Amino acid sequence: MANALLELDNVTKRFGRVVIAEDLSFAVGSGDVVGIVGPNGAGKTSLFGLISGDLAPGGGEIRFAGQPVTKLDAAARCRLGIGRTYQVPRPFADMTVFENLLVAAQQGGGLRRRPSYAAAVQALERTSMEGQANVPAARLGLLQRKRLELARALATQPTLLLLDEVAGGLTDPEVTQLVEIVRGVNAEGIAVIWIEHVVRALTAVVSRLICLTGGKFVGDGAPAAVLADPAVREVFLGTEVTAALAGGSLDAPAASEGDPERSEP
Amino acid sequence: MSASAASGNEVRGDRAADGTPLLEVRDLVVHHGQLMALDAISLRVLPGEVYAIIGANGAGKSTLLRTIAGLHHPTSGSVLYDGKDVTGLRPERRATQGIVMVPEGRRLFGSLSVEENLKVGATYARQGPWTMERVYEMFGWMRERRNQPTAQLSGGEQQAVAIGRALVANPRVLMLDELSLGLAPVVVQRIYGMLPQILGTGLTVLLVEQDVSQALRVASHIQCLLEGRTTLEGKPSDVTADQVEAAYFGLAGTAASPAGEESEA
Amino acid sequence: MAWINAIIQGILTGGLYALFACGLSLMFGVMKVVNLAHGDLAVVAGYIAIGIIAVTHVPVLWSFLIVVPIMAVLGYALQRTVIQTALDRSVLTTLLVTFGLSVVIENGLLQFFTANSRGIGANLALVTGAFTIGSQISIAYLLLLIFAVAVAVLLGLQYFLSRSKYGRLIRAVADDKEAAQLAGADYRHVFGIAAAVAFATVALGGIAFGMYSDLDPTTGTDTILLFAFAAVVIGGLGSLWGTLLGGIVLGVAQQIGAQINISDELLAGYIVFLIVLVLRPQGLISRGAQS
């Protein structure tokens, strides 16, 4: 991809015998919205770690805005424009929401005092948290914590936003609100990569879906096509169901073979 | 009898006509902190069944099993065993009453040998057909290696020991949490191949399985969870692949029929 | 020759220190509790022995048989009530609670028995006698006996942990208490058994110390707890026989220090403790060398 915002070239990462990333290569352009799905333990959060700088790859190169960042630490990458949220929200508990955002804007965004206040306010507005600005983070409920997590990432002035399972545990209307926020963020030119189990949240906003399993990409393309891809279906649903979806009925022979006590009318 | 697709939480009425359940869950609501993991889940497991719970990660499958095992307190709702309310019973008491779980990730006692693990499982065992001898017969390789530390065993072998540890307690309900996690497909098949032997001794099995096709192969009844709610429930022979896919991902529009009865042609 | 005597003394004293240390190590290994009242419990055992002997006039060596079971029951009770409640809050809370327990015990003893030091006296040749080799080597029978008892206790503990039903349960619960629950074991009860064993061994140590030296209400924290701690750390956390090795190293270091300068006895021991902490914090026998 020419002028890609983020590029991964043959990135590999192992923890002992467990393969987190196996020769992964992909690119994301500015303004793209990409969704990532995959079973647990597939390496999705670790992929974010490799991109954001929390994890160092065993091999391969990572480039951001054309510049190699493989050797840079997380703080440096954040200042360059990679913002991320964490699966379990980790706000600065003793500080207020606004103070959390200020830290993000000043440290991550590299803004000086005046502009950092404006950036913090902007992050509040984007996530509809104006009302909680002066609430200590420790007192926030789950939904608000997730919003703060997102707001903090936004306050660091990212050009690439990494969202890690932000929709988990949210109710339907809350998911809809979240999708709107992400749409709005993307409309301002920020690229988004979103890991999610709540697939319908992804399909509402992403133009590209990637399936990651066992450290490898199994599907990469338009969401509908990827979800219909037999290789991707196989990952989640297994062999028989995938075959049945492709054509033919779902035969479940073992249900009558394998358990003698099953009551049959 | 047919399956209900995305019908929410009511357990099908005609299931009540099948007889008294050995294990029952009524309107179970479980939270992890503030996150609602299970939203008024109900299920009924009949004696001798293989009841499989499927669903994407984050759907609440393991939380359900852990709550039934007593490791997690529900916010509301009840767990009934053999007609008695056991919701308030401590996990070790449920085990001695006959509800024994093989936890996710095996959780063998690392500093104990294979045989010692089995012995611990047998410490508070009920009367019944399962003995260490019988477990050694079922898993032919185990006898020679019974004095080895469990860390030296392969994943599949560890899983076998974990199952053996549960069996020697002579449960009435055996709960299997994500047997296939981290194991090669061939190994998984072999382990599930033991189910008929286990059922033959009068046990009932409740299992959580990531691999949907595998679950459909062995189950006499399945229930699909998505974000803490039931999206599908019925006999494997009564569900179509499309229904399964729709229930698994929760995407309206990929389902053949989003609501109402679906009779098998 | 005096040096050889010192080393022999040090080795044998290591047995006493092992008696102090093995209970501390057990409680930490099984339930992650650092019992800051550990030393005081040894002193309590000693005082109970003194009291029983004074009132009933039983032979001194019988006091073991009475006091040890009492302390074991006390251990189970304290574990099931005070310590378990603290554990349920957090592991750090147990530090506070056992510290509080230590203060309460010491002040209680001070009230009842005053600050005067006491010993568990006995006029048996076994206790007061010694055998000599040459003019410089003198080994007290009592010290030898204590060492023998320590080795016997460790052997017993090893057998208990590796062969008995409760020993297995204790190891299982230490590995994974949730998985143990799923196997039907009430871990609170198993913790109680472990505490009972720990209290029993430290009671032996306390009575032995009371016969060998003198006890006063503060001996628990001043001496016994520190020595137990040092022996555990030097020997290696998680290793049963490590407590004996640690005790011996500590004892020998102390005696060598005393040979150099009589007032450097304790200092020498602590310097060795510090060196081990800096150079090999996992101890001389690291984890995995369990029975």
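The following legends describe close-up views of a predicted model.

**View 1. An open sheet of four strands in chain A.** The strands of this sheet follow one another in the order β2-β1-β4-β5 (chain A), with antiparallel pairing. At its edges lie β2 (18-29) and β5 (67-68) of chain A, each of which pairs on one side only. Helix α1 (residues 44-52) of chain A packs on the sheet. This helix touches β1, β2 and β4 (59-64) of chain A, and its direction makes about 120° with that of β1(A).

**View 2. The pairing of β1 with β2 in chain A.** Eight bridges connect strand β1 (residues 4-15) of chain A to β2(A), and the two strands pair in the antiparallel sense. Among the facing residues, Glu7(A) has Ala27(A) in β2(A) as its bridge partner. Val11(A) is set opposite Leu24(A), which also belongs to β2(A).

**View 3. The hairpin turn between β1 and β2 in chain A.** Two residues separate β1(A) from β2(A) in this hairpin. Gly16(A) lies in the turn and has a positive phi of about 65°.

**View 4. The pairing of β1 with β4 in chain A.** Strands β1(A) and β4(A) run antiparallel and are joined by five bridges. Leu8(A) has Ile62(A) as its bridge partner in β4(A).

**View 5. Cysteines of chain A.** A disulfide is a covalent bond between the sulfur atoms of two cysteines. Cys211(A) takes part in no disulfide, and the nearest cysteine sulfur, that of Cys224(B), is 17 Å away. The cut-off for such a pair of sulfur atoms is 2.5 Å. Cys211(A) has a relative accessible area of 0% and is therefore buried. Cys78(A) is likewise classed as buried because its relative accessible area is 17%, the limit for this class being under 20%.

**View 6. Confidence along chain B.** Chain B has a mean pLDDT of 88, and 88% of its residues reach 70 or more. Over residues 1-13 of chain B, however, the pLDDT is below 50. This stretch, residues 1-13 of chain B, has 44 contacts in the model beyond near neighbours in sequence. Residues 253-265 of chain B form another stretch over which pLDDT stays under 50. For residues 253-265 of chain B, the model has 20 contacts beyond four places in sequence.

Key:
Residues are numbered from 1 along each chain as its sequence is written. Chains are lettered from A and ligands numbered from 1 in the order in which they are written. This is a predicted model: local features need pLDDT of at least 70, side-chain atom pairs count only at pLDDT 80 or more; totals for chains, interfaces and linings use all residues. Side-chain values use heavy atoms; hydrogens and water are left out. Two strands pair if DSSP finds at least two bridges between them. Contact means heavy atoms within 4.5 Å. Axes are lines fitted to C-alpha atoms, for helices over the stretch in contact, and angles run from 0 to 180 degrees between N-to-C directions. pLDDT is the predictor's confidence in each residue, from 0 to 100. Buried means under 20% relative accessible area, exposed over 50%, partly exposed in between (1.4 Å probe, protein chains only).
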